[in-house]
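Subject: Structure handover

Hello,

Please find the structure below, with notes on what was found in it.

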Protein chains: 2
Amino acid sequence: MAQNRRRPTRQRTAVQALLEQTDDFSSAQELHARLRASGDAVGLATVYRTLQAMAADGDVDVLRTDDGEAAYRQCSTGHHHHLVCRTCGATVEVEGPAVEKWSERVATEHGFTDVHHTLEIFGTCADCARAARSS
Amino acid sequence: MAQNRRRPTRQRTAVQALLEQTDDFSSAQELHARLRASGDAVGLATVYRTLQAMAADGDVDVLRTDDGEAAYRQCSTGHHHHLVCRTCGATVEVEGPAVEKWSERVATEHGFTDVHHTLEIFGTCADCARAARSS
DNA sequence: TTTGAAGTTGACAATCATTCTCATTTAAGC
DNA sequence: GCTTAAATGAGAATGATTGTCAACTTCAAA
């Protein structure tokens, strides 16, 4: 299901490499700017296309920030959710088998099929909470 | 906490009335077009402002569609989630106390505070599945 | 290795939702 | 009725994302 007929180009490789060294969710614009800064320039449209392709292949996770921007992150494989610090963007991957089962059951009960869900938890991480308190 | 110092204007009333007769999530653009069509014209900027204010007051629920647009819907009070048909937009409100507890526990375990979460379930409703099959 | 078809890229234009600006209008209370 | 701050709206501005299309690669067959 993953990595269908995609060619290994310099650009794709650069994007993948960058995602590998990045722990938090980043927008396409951000990644594009970073690539440019690192000398490994890649066209903006290409960054978008690559990220979308990777997302479609399940190689990266996507989420929408509160203001509607798409943010990408390379994650461990398998279905999981994210606990994201709304201040510094730190991310923790979490799993919730119970949630998966629950959403599937609820959907089935209402006659829905081909179900898919999104669940993100936003909060303030311990570090940021401490920083805010001492400011 | 809700409805702080807001004036009851014709425009605000029109938006509220429209939301009351609408069952599915609709974008600001959609609502604006519908108001215009019904003769109750309201400026686009006002529709946006009103919806945001209502969302801030907790009078409407907001969610982001897959392509990043904000969609609004008037809902029953209290915390709940949505089961949305990705074809026709039909919406079912669902509650999941287990999910609430789980997300809170997980967040706490990782030192996060001031936690908030979003959970939406997308699928194909029975009607749309039937329609697709018979096409 | 050469070669051609098909997948990719990138600069830039085009979309399109959302926000901003600011002059004008309106509700609330006196 | 009069004053004032909130609210409105037309249109410009913003900004992320997508579309366009000619030029450029990759792949694999010859």
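Strand β6 (residues 113-124) of chain A pairs with β6(B) in the antiparallel sense, over 9 bridges; two strands pair if DSSP finds at least two bridges between them. Helices (H or I, at least four residues) and strands (E, at least two) are DSSP runs, numbered from the N terminus. Within β6(B), B:Phe122 stands opposite A:His116.

The model is predicted, so local features need pLDDT of at least 70 and side-chain atom pairs count only at pLDDT 80 or more, while totals for chains, interfaces and linings use all residues. Residues are numbered from 1 along each chain as its sequence is written, chains are lettered from A and ligands numbered from 1 in the order in which they are written, and side-chain values use heavy atoms, with hydrogens and water left out.

Interface of chains A and B

Contact (heavy atoms within 4.5 Å) links 37 residues of chain B with 37 residues of chain A. The two chains bury about 2,900 Å² between them, 66% of it on carbon and sulfur atoms; buried area is the accessible area (1.4 Å probe) that two parts lose on being put together, summed over both. The rule for salt bridges (a side-chain nitrogen of Lys or Arg within 4 Å of a carboxyl oxygen of Asp or Glu) finds 2 across this interface. In a salt bridge, the side chains of A:Asp114 and B:Arg86 meet at 3.3 Å, N to O. On the side of chain B that touches chain A, at least two residues each come from β4 (81-85), β5 (91-94), α4 (97-109), β6 (113-124) and α5 (126-133) of chain B. Of these, β6(B) gives the most, with 12 residues.

DNA strand D

DNA strand D is surrounded by 22 residues, the closest being A:Tyr48, A:Gln52, B:Thr9, B:Thr46 and B:Arg49; a residue is near a strand if one of its heavy atoms lies within 4 Å of it. Of the atoms of DNA strand D that come within 4 Å of the protein, 64% belong to sugar and phosphate. A phosphate oxygen of DNA strand D lies 2.7 Å from a polar side-chain atom of A:Tyr48, and a phosphate oxygen also lies 2.9 Å from a backbone N or O atom of B:Gly43. On the base side, a side-chain N or O atom of A:Arg7 is 3.2 Å from a base oxygen of DNA strand D. The largest share of the surface near DNA strand D, 5 residues, comes from α3(A).

Regards

Key. A polar contact is a pair of N or O atoms within 3.5 Å; within protein, one must be able to donate a hydrogen and the other to accept it, and residues adjacent in sequence count only if both atoms are side-chain atoms.
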